[in-house]
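Subject: Structure for your review

Dear colleague,

Please find below the structure that I promised to pass on to you.

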Amino acid sequence: MKKSLNRREFLKRSAAGLLSLSPLGAMLASPERLDAAQTAGDYRAIVCVLLEGGADVFNMIVPTYRESYDDYRAVRKGLAVERESLLGFTHADAAGRNPLAYGMRSNMGRMHELFEKKRLALVANVGTLVRPTTAEEIREGGAVLPNQLFAHNTQRDLWMLGDAKNPHKMGWAARTADLFFPEGSPWCNITVGGNNLMQLGAVKEAVAFSDAAVSPDTMRYYGFGPEAGSGELGGVYQDIYEAMRGDGNRLMAAFAQKRVEELRRPDLLAGLFDGVREFDGFSTGVHETGVPLGKQLELVAKILSVRENFPGRPARQIFFVNHHGWDTHDSDNAHQTGYLSDSLGAFYDALEEMGLTERVTLFTLSDFGRSLSPNGAGTDHGWGSHAFVMGGAVKGGDIYGRMPELRPDSPDAWSDRMVPTTAMESYLATIVGWFGATEEELDAIFPNLRSFGTRNMDFMG
Amino acid sequence: MKRMTSRFAGWVTVFLLMTGCGGGEGGEVSSVEKETDSGRTVRYAVASANEASAFLSRATFGATPEEIDRLVRLGDYDLWLQEQFQEPPSYHMAWAEERAEGVGGVDDLKDHPEDWKRFSDALGYLQRDAWWDIAVHGKDQLRQRVAFALSEILVISRNGPLLTYPDARISYYDVLVRHAFDSYEELLKAVTYHPAMGKYLSYLGNAKAGTRGAHPDENYAREVMQLFSIGLYRLDRDGRRLLRDGRPQPVYDQKDIEQMAKIFTGLTDDNGQFETEASFSSHHARTSAMVAVEEYHDRSEKRLFSEGRLVPAGGDTKGDIDKALHMLATHPNTAPFVSRRLIQRLVTSNPSPAYVERVAEVFEDNGKGERGDLGAVVRAILLDDEALHGARNRPEIFGKFREPLLYFTHLFRAFHAQDGYHILRQGDTPLYRYRSFNFNGTGYTRQEGPLEALTVFNYFTPEDAPYTLKKEGIAAPELELYGKQGIDEVLMGIIHKNDSIYGLFEISADLQLEKESALASGKRYGELLDRLDGILTAGHLSASTREAILSYARAHASDEGMSGEKMARHMLGLVITSPDYALQR
């Protein structure tokens with residue numbers, strides 16, 4: 001993808017701390033400056049799956065090797081998964097680290113299969129850090145810690161901002177989008193999981209899709225809503241909202257502006273879902289909170305299937321998916337892991353069907369990991385946790401970073417929580433680097449990346 | 001429960017305090033005084049029908065033409081509030097038990113409480129239907145409106161472990177109704193001991209370290225502080241964060257959480273068994289205050305907060321919990337924290353610090369030396385100069401976006417939606433018959449329903465806003481619920497009686513639009529808009545919106561098939577989906 005002068009300007013500006021670009025300029029600019037020939041051969045997308053609530057990955061990936069399983073069993077007590085039930089895999093990285101055997105929960109067959117096929121990688125004990133930190137430093141009182149560790153919203157926000165040290169108002173996906181599309185592309189950031197901080201603040205707001213967006217007929221009936229504007233009432237609606245952009249009340253003006261942009265979208269939406277592909281591998285799961293993960297990933301797959309229809313055919317897209325229900329204070333996560341695994345498997349199948357496995361990378365993040373020891377039936381808020389990366393471009397079948405020892409007296413444990421041994425920046429920058437950002441750009445997107453030794457974890461091909 | 005007697009006498013002192021503070025930022029008078037016909041001086045006089053309409057949008061589930069007229073005739077906001085404080089509470093459990101009449105051999109629910117579990121899938125709808133009926137028809141509008149606000153602060157939800165326990169949810173909601181004007185400490189206690197909260201935040205069956213788990217569950221310890229009382233950072237009395245070296249200062253750390261977690265050990269539901277698996281086994285256990293099983297309570301000393309407050313060793317479960325809740329209720333953060341949240345739920349998303357401080361003062365002392373008197377707090381919020389005259393004095397920032405639920409309660413109330421008899425079924429089996437709207441919610445994504453937040457963080461957090469506002473430090477939390485599909489479509493579906501829209505199948509909410517239709521038939525569009533403006537937008541319908549709707553009406557007046565009623569419905573639809581309506585001010 002061609003670099004534009006604007007990207008350098010962006011870097012200068014962000015270096016000076018001036019990240020805001022003129023919204024007016026952005027509106028006037030056309031996103032169609034990227035020509036189709038250029039984009040067709042160089043499409044890449046990343047799909048962020050938020051496991052909202054703090055996923056207990058320590059009960060998804062279990063050490064099975066002798067003492068390490070005994071340690072796990074001792075600390076996890078009643079929550080420990082039986083060794084015999086686990087889907088085993090062995091692992092030794094190039095440096096000979098992690099020479100141990102692990103297992104996934106028995107209902108994670110699809111993820112296990114993808115791991116064995118080297119399409120799924122595990123990133124060990126990653127989390128929010130201000131600077132490299134050890135449990136010992138914390139105990140001695142010399143550590144600088146992220147604000148409000150263990151609180152859902154603040155920790156999730158840090159993950160979404162991509163920085164636990166410097167204040168930001170824009171999310172890291174928004175900063176990434178503005179690098180690739182300095183004048184804004186309405187189709188770069190797409191959310192099927194609702195509003196989120198990660199995609200907040202780009203020149204163009206993230207586009208929110210739901211199931212209804214795929215068949216907007218009912219909306220057209222009245223000429224109302226985001227898909228409308230051309231119907232007879234819709235015209236009136238547009239006039240109303242356009243005029244209110246100038247209202248003296250700032251909340252009103254901002255809201256009217258947002259709606260006007262949504263109302264203009266119908267022209268862009270026309271034909272967008274022509275030829276949309278149908279998939280049959282996705283399920284809705286059971287006892288779901290919020291929109292089921294399978295439905296969200298199915299919608300991402302559908303959007304990917306018509307990506308050539310998108311105006312300007314953006315060569316880079318960032319999707320946000322939100323899988324609720326991981327705050328397991330009162331249960332282990334058995335009911336969720338099987339569904340996560342099946343949904344990821346179905347999504348991989350969909351990518352394969354479309355020939356997109358090399359071009360789309362899915363990765364997980366969560367508020368935090370969970371406490372090692374149980375509080376009875378579940379676990380409490382923790383800190384470091386493992387993450388999953390999936391796709392054809394992933395050097396899968398491997399564990400990246402260092403697996404912690406799951407013992408209360410482990411060198412990585414602080415008061416029953418795992419101190420991250422890999423910073424989220426190292427993890428995210430590896431993905432955004434594959435997405436196409438240069439080293440210089442990565443420092444602009446993740447200003448605190450340079451505080452950590454690892455800039456690229458090498459899990460992307 | 002402490003009973004607040006002679007509350008009104010205490011308020012006289014409160015007025016003086018508030019006046020002494022100088023009222024609004026711009027030096028505006030804090031109220032309009034005028035003499036009534038009887039010669040009585042009215043401190044909070046109703047200046048106009050539009051102002052009354054705006055007041056009712058904050059204090060009720062939506063202004064109606066009748067209530068606007070009544071309030072104008074009453075002439076005094078305070079009098080209206082006093083009437084409302086005296087109104088007997090509508091309890092949702094009582095509603096459910098009285099209304100749900102067994103059919104086809106099924107017994108009435110009140111005689112067979114265990115059917116709550118047996119038919120829990122179906123009875124989830126009863127919780128929903130009770131809420132809609134009481135929100136729309138309840139006479140205790142203020143109490144219900146405040147209870148709803150509290151349900152978005154002290155959150156439990158159908159989503160999660162309470163999914164199959166509608167009776168627990170209804171019973172919890174009644175706690176909010178019961179204590180809506182009580183002291184915050186009493187409310188916090190009632191909430192903490194309710195088994196629905198115990199189950200939702202997993203401290204029902206929470207045992208001291210070493211008996212069940214390696215450490216007590218920290219869930220409630222964290223959220224009761226972060227979300228229900230003191231928040232994350234030290235606050236000034238006006239609700240702003242106190243900074244040190246430019247940084248906010250945390251009120252507690254993980255050690256405090258661990259200490260606090262020890263407090264909330266030993267509770268289980270009233271079946272008395274400590275196994276969580278055995279919990280919620282009866283209607284009684286799901287709806288009665290939790291009990292202590294002392295052997296599971298951590299009796300060691302608990303040191304709370306950096307200031308070193310102490311709950312001494314040896315205390316029993318309830319003694320320790322009551323002490324800790326008292327500490328939270330009297331913590332200096334709690335008054336501004338709770339005051340600001342309630343102001344945001346009822347009046348405006350971005351209150352001035354001075355407004356928060358005035359309300360926080362009343363929270364700290366209702367004038368009789370009593371703390372946390374929610375009735376007095378609600379009164380201070382609604383009668384504050386910034387609430388009554390914010391649209392005039394702070395036009396650039398005043399107001400809040402309406403939540404989807406409140407669009408519909410307002411629409412149903414203002415236009416007297418007619419409900420109907422429905423039969424609640426489990427699968428194909430008919431169970432209960434009762435009148436309801438049978439209204440399913442607000443759209444494809446069901447973005448908002450009573451007690452249906454996705455997490456304990458509610459549907460939105462208090463500082464949420466689209467980026468253009470957020471970067472300037474302006475909050476517009478309810479906009480989190482906009483931009484998802486549903487609101488406009490469902491509104492138009494109801495207004496145009498199109499039940500092919502998701503969630504409207506078999507809905508009973510026929511709007512009564514005789515007056516509006518008559519005006520439209522006579523092509524008196526200006527008058528119709530005046531009427532809709534008065535009821536819905538409290539006189540804030542802008543000239544541009546008005547003109548856009550009028551031009552539409554004039555241009556289409558003679559369209560084939562256009563009737564007065566159809567035109568009235570179009571115009572109502574345009575007003576209620578306009579930005580002018582979206583922003584309550």
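How many salt bridges are counted between chain B and chain A? The count is four. Please bear in mind that this is a predicted model. One of these salt bridges joins Asp247(A) to Arg585(B), with 3.6 Å between the closest N and O atoms. Polar contacts were counted as well: 21 residue pairs link chain B and chain A in this way, both residues being at pLDDT 80 or more.

On chain B, several helices each supply at least two residues of the side that touches chain A, among them helix 12 (219–226), helix 22 (487–495) and helix 26 (564–576). Helix 25 of chain B gives the largest share, six residues. Sorted by class, this side of chain B has 31 nonpolar, 28 polar and 17 charged residues.

The contact as a whole takes 76 residues from chain B and 64 residues from chain A. The size of an interface is often given as the accessible area lost when the parts come together. Here the area buried between the two chains is about 5900 Å², and carbon and sulfur atoms give 61% of that area.

I would also draw your attention to His215(B), found in the loop between helix 11 (195–200) and helix 12 of chain B. Its side chain makes polar contacts with the side chains of Ser373(A) (2.8 Å) and Asp380(A) (2.9 Å). Is His215(B) buried or exposed? His215(B) counts as buried because its relative accessible area is 10%, and the cut-off for buried is under 20%. Beyond its neighbours within four places in sequence, the contacts of His215(B) include Pro374(A), Asp416(A) and Ala209(B).

Yours sincerely,
A colleague

Notes: Residues are numbered from 1 along each chain as its sequence is written. Chains are lettered from A and ligands numbered from 1 in the order in which they are written. This is a predicted model: local features need pLDDT of at least 70, side-chain atom pairs count only at pLDDT 80 or more; totals for chains, interfaces and linings use all residues. Side-chain values use heavy atoms; hydrogens and water are left out. Contact means heavy atoms within 4.5 Å. Buried area is the accessible area (1.4 Å probe) that two parts lose on being put together, summed over both. A salt bridge is a side-chain nitrogen of Lys or Arg within 4 Å of a carboxyl oxygen of Asp or Glu. A polar contact is a pair of N or O atoms within 3.5 Å; within protein, one must be able to donate a hydrogen and the other to accept it, and residues adjacent in sequence count only if both atoms are side-chain atoms. Helices (H or I, at least four residues) and strands (E, at least two) are DSSP runs, numbered from the N terminus. Ala, Val, Leu, Ile, Met, Phe, Trp, Tyr, Cys and Pro count as nonpolar, Asp, Glu, Lys and Arg as charged, and the others, Gly among them, as polar. Buried means under 20% relative accessible area, exposed over 50%, partly exposed in between (1.4 Å probe, protein chains only).
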